[in-house]
Amino acid sequence: MLLITLIFVWIILILAFLLFVYLFLHLFVELFFTLFKKYAPFVPTVTLIYRQEFEELFKFLESLNLENKKFVDLGSGDGVVVKKFAEKGYPSYGIEGNPFLFFLSKLGIKNKNAFFIRSDFFKEDLRNFGIVYVYQLTSINQKLLPKLQEELKSGSIIIAHKFPFFESEQIKLIKKINGNTLLIYQKL
Ligand SMILES: C[S@@+](CC[C@H](N)C(=O)[O-])C[C@H]1O[C@@H](n2cnc3c(N)ncnc32)[C@H](O)[C@@H]1O
């Protein structure tokens, strides 16, 4: 009986230690990137809560008959949105600068359509993507706008979660799903 209790206590201690290491790494790397690289903090899109909104989004995208269906999430966090698009059959890419989140997103990839790149999205060429997902702060969206205007082909779609873009001559809001939950823009 004593031996079983000891083994049980050891298992609990090891699990607590692993949890501590995980949380420490997560917080430490996150703080570094937020403070020194001025990244938006990691907050995932809660696709489970917004299931209906995403279903509406996928129906809308289908109705657009997009020529280039290659999807990219700029700042893909733990990869939840990339995996959702991959499940729907889109060749889906995530660009994430935080190495810890990049590692997490690569864990348990079940879909051969999901790919992850560890990089700063400002440095990546976006010319090949037809659908771009952005969950960043409005200030970062505004910095991104000239890059999107220059690199995306006409007809490409930009989906902003919660934080809008200011429209421009070339980027127009074409649909809103549940307020600011999903804002869909098109490059003219
Ligand atoms: C609000 S989270 C969104 C995560 C994911 N897109 C989602 O919707 O679940 C923003 C993410 O962008 C990443 N990020 C911010 N600036 C970045 C940059 N310049 N290059 C790459 N990743 C960046 C952060 O590390 C963070 O994971």
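**Reading the sheet and the ligand shell**

Colleague: In β3, which residue is the bridge partner of G94?

Modeller: The bridge partner of G94 in β3 is F116. Residues are numbered from 1 along each chain as its sequence is written. The model is predicted: local features need pLDDT of at least 70, side-chain atom pairs count only at pLDDT 80 or more, and totals for chains, interfaces and linings use all residues.

Colleague: In which sense do β2 and β3 pair?

Modeller: Strands of a sheet pair through backbone hydrogen bonds, either parallel or antiparallel. Here β2 and β3 are parallel, with five bridges; pairing takes at least two DSSP bridges. Element names follow DSSP runs from the N terminus (strands E, at least two residues; helices H or I, at least four).

Colleague: In what order do the seven strands of the open sheet lie?

Modeller: The order is β3-β2-β1-β4-β5-β7-β6, with mixed pairing.

Colleague: Which helix lies across β2 and β3?

Modeller: Helix α4 (residues 99-106), which runs at about 165 degrees to β3. Angles run from 0 to 180 degrees between N-to-C directions of axes fitted to C-alpha atoms, for helices over the stretch in contact.

Colleague: With which residues is F71 in contact, beyond four places in sequence?

Modeller: F85, Y90, P91, S92, Y93, F129, I131 and Y133. Contact puts backbone-placed C-beta atoms within 7 Å.

Colleague: Which residues come nearest to the ligand?

Modeller: Of the 24 residues around the ligand (backbone-placed C-beta within 6 Å), Y39, T45, G75, G77 and G97 come nearest.

Conventions
Two residues are in contact if their C-beta atoms, placed from the backbone, lie within 7 Å.
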